[in-house]
Every structure is written in C-alpha cells, then in structure tokens.
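Notebook open, structure loaded. I'm jotting down what I look up as I go.

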Amino acid sequence: MFELALARDNFTFAAAHFLVGVKDGRERIHGHNYVPSIRISADEVGANGVLVDFGDLKAVIREETSALNHRLLLPARNPDLQVVRGRQSISFRFADEAFLLPLRDVVLIDAGNMSCELLASFLCKRLARRISQELRVRGRLTVELAESVGQSASYSVSLDYPLARQSSGDLDEPRRLAGSSSVATDDSRHLITALHLAQESSKEGGSPFGAVIVRSGEVVARGRNSVRGGLLTDHAEIVAIRAMGRPLSDQVGESTLYSSCEPCMMCLFSVYYAGIRRIVYGSPIETAIAYGSGDPQIECATISGAFGLSIEVVGPLHADQAEEVFAVHKKANSRL
Ligand SMILES: [Zn+2]
C-alpha cells in the first residue's frame, strides 16, 4: 500500500460556521483557521512510478479550500434553519433569530449541520470527485480537518466508488430552497394586467408601477403608483391594498398580489398586514434601480424569509416585458 500525504500552509482557510443542536440551541457565529491535511492511499502507482502529480493535486485542493475562505459556512439541510437564497442576498432564521447577509459572503454547504466532522466530510467528497474524475486516481482519500491545534475531525472515502452517486456538495448549484416556488397558470395573465396598469400610469404622467390583488381567481383590487399628486407612500401595491378593503378573517392567506416590479420593504410589510401571503412580481428591484428608482437593493424573498412573514414570493416573471415598461417610460421622463 502506497500513501501520499499533503498538508500545506496555503490549504488553510479562515471561515465562520453556523452550528445548531448544541447547548443553548446554537453556537455563536465564530470562525476558525481550518487546516486540512490530505492523504491518498493506493495499491499501485502509475507506470512512471507516481501515484498522482503533486502539482495537480495541490492546485485542486487550493481551489476547493479557497472557495470556503473568508465565508460563513451555512448548512443547507438543517430542518431547524429556514434558509431563503435570493439573487444577491441570503436570509435564514433559527428559532426567533433572523439573519440577512450578502450572498457573496456565505457558502451553503450540503449538510445537516456545520460541525467540523461534516465539514471534513463535505470537503472530502468534493475533493474525491475531482481527484477521481480529473486526476484519474484510484484508491482511498482521507481528509483530516483541524479547527484548532490538536482538535480535528477526519473523513475517508473510496476513490473507486462510483462518485457520480455521491453527494458533491452544494457549493456551485444550491438546490432550490424555501422562498422559491413554481408559477401557476394564471400568474402570467394577472401579472400582465399589473404591467398594463403600470403602462397606463406612465402614459397618464405617473410612475410606471401597477399592481392587482387576486382572490379565488378574481381580480378584487387594482392599484397604480400615485406618488405624484398623491401621498408619497402611494406605491401601486399600497393603492391596491387600500382598494381591496379588509379581508374576512377566513380569507387571510387566500389572496395573491401581482406587482409590475418587486415590492419595496414598505409594500412587503403592508402585504403581510393586509393578510396576503403570496406575491408575484415582474421586474427585479435591481432593474428599477438601474432605471433610476431610489429603492434600497434588498430582495423581497430574503426579507420575507428573515422576518418570518411566511409570504411566498415568485419572480422575476416576464422580466423582459416588465423592463420594457420602464424603458418606454424613461424615454419620455427623466425619472421613474
Ligand atoms: Zn413599494
């Protein structure tokens, strides 16, 4: 049996981790300088007497560990964590606590928790897939991961195992998480109605935003942005909510709000207090900002997730058509 061992300084990565299911529910978010060491054992070496090219192996390890460097490592499959991954931000809740972070600072790990043991397993499987497929090595891979001096966990996997069947981790393509959802047949039709309202508003000198509220398949309220000439808070969604009137207590959660653009925070919370639990929107908020809106660039779905509003958010839908409404408006107007 041959064995190679690699433990280099530049494999070290500094990361914070989120660990639940311990005393007090969870550990405080804290970091470690994780030090991985890698061993490969095999019965045979190649014709050139080499098990694997050290340079190639080091490059693969550095790529995988640097992807975790300076990030918060968050378990994607913990039943007590409600994770919503947006386009640019990610939110998660644990018990009564809310977290909202830029997506680029977080790595979702395909694991039930973020212990040193499961992180060693995650890293080992990621490396095994690449070492087996790209470097064509057969044998056994062991990853030992130290989170402090004298404190480590290790995981071992066979490189002969059909690796396509193994979990490759969640680093590149996180599976769809809470907050995402499918588009129903009628969603398209009602969203187009909201876009028409936005166009009308623009043609009549207002801002290009429209919204409708639908209950049991029927449009029960319409709204157009009335900030010009009305109240500064008269966003299309607010105008529609006001037109809807008070839903009966057994109608809470039965309505959907369709908005030409991703709702701002004011409208999102108004939707919540109006008893609406589903939103479908056209343009993402960043498109509105690109056309001159002063809204903060925070996504509806991640805010809803962070604050436990239990609002299903669908969008962007018909984003091209929705952007066209802004583009046409912008040709004739200096601002949204
Ligand atoms: Zn708004």
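Predicted model: local features only at pLDDT ≥ 70, side-chain atom pairs only at ≥ 80, totals over all residues.

**Entry 1: helix α2.** I started with which residues of α2 are buried: Leu118, Leu119, Ala120, Ser121, Phe122, Leu123, Cys124, Arg126, Leu127, Ala128, Ile131 and Ser132. I then checked the dimensions of α2, which covers residues 116-133, 18 residues in all. From first C-alpha to last it reaches 26 Å, close to the 26 Å expected at 1.5 Å a residue.

Next I asked what the buried residues of α2 pack against. On the strand side I found β5 (30-42), β6 (71-75), β10 (106-109), β11 (140-148) and β12 (151-158). Helix α1 (54-66) is also on the list.

**Entry 2: the β7-β8-β9 sheet.** I moved on to an open sheet of three strands, in the order β7-β8-β9, with antiparallel pairing. Its edge strands are β7 (81-85) and β9 (97-102), each of which pairs on one side only. I looked up the angle too: neighbouring strands here are turned by 15° against each other on average, ignoring direction.

Then I zoomed in on β7 and β8. They make a hairpin, with three residues between them. Five bridges join β7 to β8 (residues 89-94), and the two run antiparallel. I noted down two of the bridge partners: Val84 goes with Ser91 of β8, and Arg85 goes with Ile90 of β8.

Is β7 mostly covered or mostly uncovered? I get mostly covered, as four of its five residues are buried.

**Entry 3: helix α5.** For α5 (residues 265-273) I wrote down Cys267, Leu268, Ser270 and Val271 as the buried residues. Why do they line one face of the helix? Seen down the axis of α5, the buried residues fall within an arc of 165°, so they sit along one face.

I looked up their packing as well. After α5 comes Gly275, and I noted its positive phi, near 80°.

**Entry 4: confidence.** The protein chain averages 91, and 93% of the residues score at least 70. I flagged residues 168-180, where the pLDDT is below 50. Beyond near neighbours in sequence, that stretch has 31 contacts in the model.

Conventions:
Residues numbered from 1 in each chain as written. Expected span 1.5 Å × (residues − 1). Buried ≥ 20, exposed ≤ 12 C-beta atoms within 10 Å, placed from the backbone. Contact = placed C-beta atoms within 7 Å. Pairing = 2+ DSSP bridges. Axes fitted to C-alpha atoms, helices over the stretch in contact; angles between N-to-C directions. pLDDT = per-residue confidence, 0-100. Arc of directions from axis to C-beta.
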